[in-house]
Amino acid sequence: MNRLLRFLVRLLPAEFRGDFGRSIAADLDERRAAGDRMSLLRRELPGLLAAVVREHASAFQQDLKHALRLMKRTPGFTALAVLMLALGTGVNVAMFSVIDAVLLRSPFKDPSRLVEVHQLSDGTPSALEPEAFAKLAASAHPFASLAAYDFSTHLLTGSGDPRSVPLECVSASMFAVLGADPIHGRWFGADDDRPGASPTIVLGFELWQELGGSTSIVGTPLRINHTPVTVVGVMPKGFGGPLSRPRTRVAGWVPLGRPIAGGGHDGCASPFRVNAFARLQDGVTIDAARGRLSGFGLLALDDHIFDRVGTPLYSLTAAVACVLLIACFNVGGLQLERMLARRHEMAIRTALGASRGRLTRQTLTENLVLGLAGASAGVVATWLTLRALVSLLPANLPRINEIQLNVRALAAALGAALVASVIASAFPVRQLRHIRPGSDIAGGARAGRRLDSWTRRGLVVAEVALSVLVLIGAGLMIQSFLTLRPSQPGFEAARKTLGRVRLPKAPPAEGLQFAEALMERLKSAPGIRDAGVSTILPMRGLSSHQAYEVNGALRPINTYRVSAGYFELMRIALVAGRTITEEDTAGAPPVVVVNQAFADRLQQDGQGLGDWIPVKATPRSADAAVPRQIVGVVANTRSTPQHTRIVEEAFVPFAQQPTSAFFVVAESRGGSDAAVAAELRAAVRTLRPDLVVDELEAMTVMLSRGVEHWRFGAWLLGIFAALAVLLAAVGLMTTMAWWVRQRSREVGVRLALGAGRGEIARLVLRQGLTLAGAGIALGCLAAAGVTRYMALWIYGVTPLDPTTFAACALGMLAVALVAAYLPARNATSVDPVVALRSE
Amino acid sequence: MADASRDPAALLPLTPAMFHVLVALADADRHGYAIIKDVSARTNGAVALGTGTLYGIVKRLLSDGLAIESPTRPSASRDDERRIYYRLTPFGRKVVAAEIARLEQMVQAARTARSLRKA
């Protein structure tokens, strides 16, 4: 027989082959003997191929019918299994959608060839000095294209309200580097990217929409920094420049070589440093490229994004994978139980000639149907909850707006369903090997019990271990969040709105004049109770250091320059001395107020209230230090959301050290934040129509945004841990219920021999808690091995925090106790007479 | 499957290939290749069944009770022990007869169209 034909015969389903395989072989042999080989192949190949497809389809159809019948017959089991798999696949599909948008999908062509270029000084990477970039660009570099960019806020006027727009100033070659096409118009050419060229801008999708979204905008001018700038193109939705930062959604791109200066704004003229991106030449690996550069470092663009968001996203993925695995183990355990109950049926079918392959396939089909039903339900659930999930994510996650359920997510759901069916089938299928038609038909469902009860118990142990693992991860995250949560930042954020004002190219005195006029106007506004200014604000993550000479050494201290009444406005408690008042004018004696932490340090050095300390306005300035008198001590405030460490801080009067850029804080009389924001904006515009207020937001929003990273981690991991624990509890409960059913005879005997009901309940509880205990121990061990990968993301607790581990272990044990209680109670209601008679 | 209670008409119409296989089994028990050869001879080579198609039909015939495996085999010298011989059941015979009657009726009906008579 022809080898190809023989192969096809082997592809036929085992049953069909068993019935007709030998006949087919005999026929083909005889045909071959009668005719030539080619005609044999020509005549037989199509028919056999069709038979392979047809027979498999028909077998699958039969299995499917059987599976559906079985599911209908046991609606309780079906509902439970589908629900568990829906939870498992649902959370995975949701997480996949997030990772797909944030990490996997790229708006760039061939993103794996994109690198970020750093300048290395003493091995430390930093952005490039413009001269270094020019040198690199002129050298024989390993890049197909190389581009630089800088970032600056520009002023847009003449299109609705004047406002700040964040623009990236990029080399014309950035287009070639990133390889993204404008949807309208064109990208800059080299002609646009040189001094003296007529100024041009490429709009981002969102700004284009804001400006009306018409294609006729290409070729028309916008007023940027009071300069007419021609729109040459529009980029597609989702394109956000090299790093796609969402917080400051890049509104557009202007040529770096032709900065748009005007009206006091200098655009990106004379940048201090530039960021550089490059596309590697074809066939050059990143390592090879590194070898050809000296003084420059390379980082794959994917790694850059990964570094920032990789740890949290992969921790969450690991958590949802655990949830799916627990769901699979649960379904697998239940299927195992069903397989044992159907052992009799399976044995009869084996005796009647059903091959093990056939029974395996049938089990797989059953689980596939369950898996697909679960995945479908999971997808629907995800679709309904994805918006809520996205709202829990930190707003500064790259490409967060692109998160959606797409074809890839559906493929992921299908993949999860397949994986789930295979895992859930593995345990019952293994069982098929032990079927012995002889003894099993005679012995009914009872034979082989011992062996499988070990598998089942192992599954429960694994489930508990996995859920403890997720629980500990969530515990560490929740602890971090609770630690960092700005419940007591040292000031009162309620009813306050802040905004940032910048007077372009204005001397400090003009800044002071404007700040005073603005505060006067705000304090007389109807909805505003009080207002003040400060160069930096607590919990905003900005710092500004001045050097204080203490015992001959210069100490850099985070220094605020605040208006009179700032402490009263912010409700920062005065500890000693006085606050900064209207009397602390430019001409008055220089004073400084220090926080408690700095006061403590000064006291150690023998200085305190009333003493004079020399201060340099910048740590490096060559100016002589100005002595300032310490007039007050205020309570500590938290300076940044990232940590709770109290830093030493000082406050000098804004009037004595004014600047042209500052924050303004307004406290409402109880009206809405939006109303205060509108009054703030109106006050600034009345005083200077060309100015805008940036970063306007309620102070409470600022506080919660600072910790959103931890909040979303705590929430999501918390939810996943709750699901994991719930599923593991269901697993433990069903397993113990099964164990009790299996042992009803033993329980009956014990009861008949005079054992008390309490003793029986204790027996079951002990068994359940032993399994849970083993799982908890394993879970803690596993957690001890992996929580260090979360180290970058947790705060205030160590990855091996004993309190968290102990709390999670105890929590799981308590859940296990409840889960084992119901089956234990059932065990005590066994009627010894019935139990003994039934077997 | 009690033949008496089953209506042969329920299985009609038969596919042409199935019809030919039943006809091939009408006069003698045959094995697979013998069926293929008989069908080919009866139709002057117009119907050439492949083994893949044939055994799909045989599976249907067996499960529908139109044919059974034949208990009698030729003498050992002419036999290949891998072969299975098939025999038409009385019910199968009824079904093929019903199909012949159905086809005859169709042809009769067609003949009443005058313009088709010569063709």
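How far apart do the C-alpha centres of domain 2 of chain A and domain 3 of chain A lie? They sit 56 Å apart, with the domain bounds coming from an automatic or database domain assignment. Everything here is from a predicted model: local features need pLDDT of at least 70, side-chain atom pairs count only at pLDDT 80 or more, and totals for chains, interfaces and linings use all residues. Residues are numbered from 1 along each chain as its sequence is written, while chains are lettered from A and ligands numbered from 1 in the order in which they are written.

**Chain A: domains and cores**

- Chain A splits into domain 1 (3-63), domain 2 (143-280), domain 3 (460-485 + 707-839) and domain 4 (496-702).
- The largest nonpolar core has 114 residues; such a core is a set of buried Ala, Val, Leu, Ile, Met, Phe, Trp, Tyr and Cys residues joined through C-beta atoms within 7 Å. Buried here means that 20 or more other C-beta atoms lie within 10 Å of the residue's own; exposed means 12 or fewer, partly exposed is in between, and C-beta atoms are placed from the backbone.
- Touching the most other members of that core are A147(A), I201(A), A276(A), A278(A), V592(A), V594(A) and V664(A).
- Strand β3 (residues 143-157) of chain A is the top contributor to this core, with 7 residues. Strands (E, at least two residues) and helices (H or I, at least four) are DSSP runs, numbered from the N terminus.
- Because domain 2 (143-280) and domain 4 (496-702) of chain A both give residues to this core, it lies between them.
- A second, separate core of 107 residues includes V98(A), A424(A), V740(A) and L751(A).
- Skipping its neighbours within four places in sequence, I201(A) has contacts with L222(A), I224(A), V229(A), V231(A), G252(A), W253(A) and V254(A). A contact means C-beta atoms, placed from the backbone, within 7 Å.

**Chain A: a loop glycine**

- G527(A) is in the loop between α15 (508-523) and β13 (528-534) of chain A.
- G527(A) has 16 C-beta neighbours inside 10 Å, so it counts as partly exposed.
- Its C-alpha is separated by 9.1 Å from that of S672(A), 145 residues away along the chain.
- Leaving out residues up to four places away in sequence, G527(A) touches S668(A), R669(A), G671(A), A675(A), V676(A) and E679(A).

- Chain B has 4 helices and 3 strands, and along the sequence they run α-β-α-α-β-β-α.
- Its C-alpha atoms fill a box of roughly 55 × 35 × 25 Å along the principal axes.
- Of the 119 residues of chain B, 31% are buried.
- Looking at contacts in chain B between residues at least 6 apart in sequence, 59% join residues at least 24 apart.
- In α2(B), the buried residues are G32(B), Y33(B), I35(B), I36(B), D38(B) and V39(B).
- Their cover includes α2 (14-34) of chain A, together with α1 (16-26), β1 (30-31) and α3 of chain B.
- After α2(B) comes N44(B), with a positive phi near 55°.

**Where the chains meet**

- Chain A puts 18 residues into the contact and chain B puts in 15 residues.
- On the side of chain B that touches chain A, α2 (32-42) and α3 (51-64) of chain B each supply at least two residues.
- The largest share of that side, 6 residues, comes from α3(B).

Note on methods: Two residues are in contact if their C-beta atoms, placed from the backbone, lie within 7 Å.
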